[in-house]
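Could you walk me through this model, stop by stop, while I have it open in my viewer? I would like to know what to select next and what I will find there.

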Amino acid sequence: MITYHELRRATNGFSKANLVGIGSYGSVYMGKIFDSTVVAVKVLNPKEDGAFRSFDAECKVLRTTRHRNLVKIITSCSNPEFRALIMDYMSNGSLEKWLYSENHNLNLLQRINIMIDVATALDYLHYGQSEPIVHCDLKPNNILLDEDMVAHVGDFGIAKILTKVDDAVHTRTLGTIGYVAPEYGFEGRVSIKSDMYSYGIMMLEIVTGKKPTDEMFVGEVSLRQWVNASFPNTLLDVVDIVLKPNGSRTRHIDMVHDSLFSLLEMGLECSREIPEERTDVKDVVAKLTQIKLKLLPNRTKRPVFLSS
């Protein structure tokens, strides 16, 4: 445990200069604790309805989970008026920042690595526990990147732990618009398949560079429908311009094209409307690994056509 006064000193009085992000239930500050270790301090807003419940849920999940692709909770601070989680600091920020900031860019191989990292984390949450854990709010803003660009899934404030006798639970919908599975949004029904829907939408977003809430998606047109309509002849029309291969058709360019096709197809398979029809995370990890290896035919050579 760490005291409130220690956290104030660590964050320079929770100053704006130390603020690195604002979430649904509070703010995140950079700080230095104990032996000058740089950490992220997530401070819950007590005036926000459900903030302290979110703190309890996150603690419940993270006290029993340990995985290289999950954000690690170092310790916490709790009193009747204050709640804070002290976590590993992710120096490269969120995936959302890298997808949409003019000063940042991700090549194809980096995006595939991030997808593998997130899928590996989901595999652990869904199958690596005695009771499956459903994240319920998977999106680029909750995917954090460390100094080596390894992705870590964070923000378990609305996560659900399924009991052994249940493969789904009913709850109040608290996810983010655009990423919430239909059965979760309309019925409040949560299962590991709900996470796979969110993952599929995020995969489409990573490849197209378009948020599911982009202003171009109005009425009946969604990100998923837009991508689905591109198959098979106008695939490159929806791919992020940074990822489009240049030059005449060669074996390497064909390989990149095939990889983009496979990624978008997988995103569509994961985000099917009927939960039982969605691809399982174990299959996703296997397929993504195959795609990555194809883009690295000789591990002693640099990857081809992957940088912007």
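Here is a short tour, from a helix to salt bridges, backbone geometry and a surface patch.

This is a predicted model, in which local features need pLDDT of at least 70 and side-chain atom pairs count only at pLDDT 80 or more, while totals for chains, interfaces and linings use all residues. Residues are numbered from 1 along each chain as its sequence is written, and side-chain values use heavy atoms, with hydrogens and water left out.

**Stop 1: helix α9**

Select α9, residues 281-295. Helices here are DSSP runs of H or I with at least four residues, strands are runs of E with at least two, and both are numbered from the N terminus. The end C-alpha atoms of α9 are 21 Å apart, in agreement with the 21 Å that its 15 residues should span at 1.5 Å a residue; the expected span is 1.5 Å times one less than the number of residues.

Now colour by burial: buried means under 20% relative accessible area, exposed over 50%, and partly exposed in between, with a 1.4 Å probe and protein chains only. In α9 the buried residues are Val 281, Val 284, Val 285, Leu 288, Ile 291 and Leu 295. Look down the axis of α9: these buried residues fall within an arc of 130 degrees, so they line one face of the helix. That arc is taken over the directions from the helix axis to the C-beta atoms. Gln 290 and Lys 294 are exposed on the other side of α9. To see what covers the buried residues, show α4 (108-127), α6 (192-208) and α8, which are included in the cover.

**Stop 2: salt bridges**

There are ten salt bridges in the structure, each a side-chain nitrogen of Lys or Arg within 4 Å of a carboxyl oxygen of Asp or Glu. Start with Glu 183 and Arg 278, whose closest N and O atoms are 2.8 Å apart. This pair links distant parts of the chain, 95 residues apart: Glu 183 is in helix α5 (residues 182-187), and Arg 278 is in the loop between α8 (251-270) and α9. Are these two partners buried or exposed? Glu 183 is buried at 6% relative accessibility, and Arg 278 is buried at 3%.

Next, select Lys 139 and Asp 137, a salt bridge with 3.8 Å between the closest N and O atoms. Lys 139 is buried at 14% relative accessible area, and Asp 137 is buried at 8%.

**Stop 3: backbone geometry**

Salt bridges also link Lys 42, Glu 58 and Asp 155 in a network. Stay on Asp 155, in the loop between β8 and β9 (160-161), and check its phi, a positive value near 60 degrees. Most residues other than glycine have a negative phi, and most peptide bonds are trans. Met 149 also has a positive phi, about 65 degrees; Met 149 sits in the loop between β7 (143-145) and β8 (151-153) and is buried at 18%. Then find the cis peptide bond between Phe 231 and Pro 232, with omega about -10 degrees. Pro 232 is in the loop between α7 (223-228) and α8.

Terms used:
Contact = heavy atoms within 4.5 Å.
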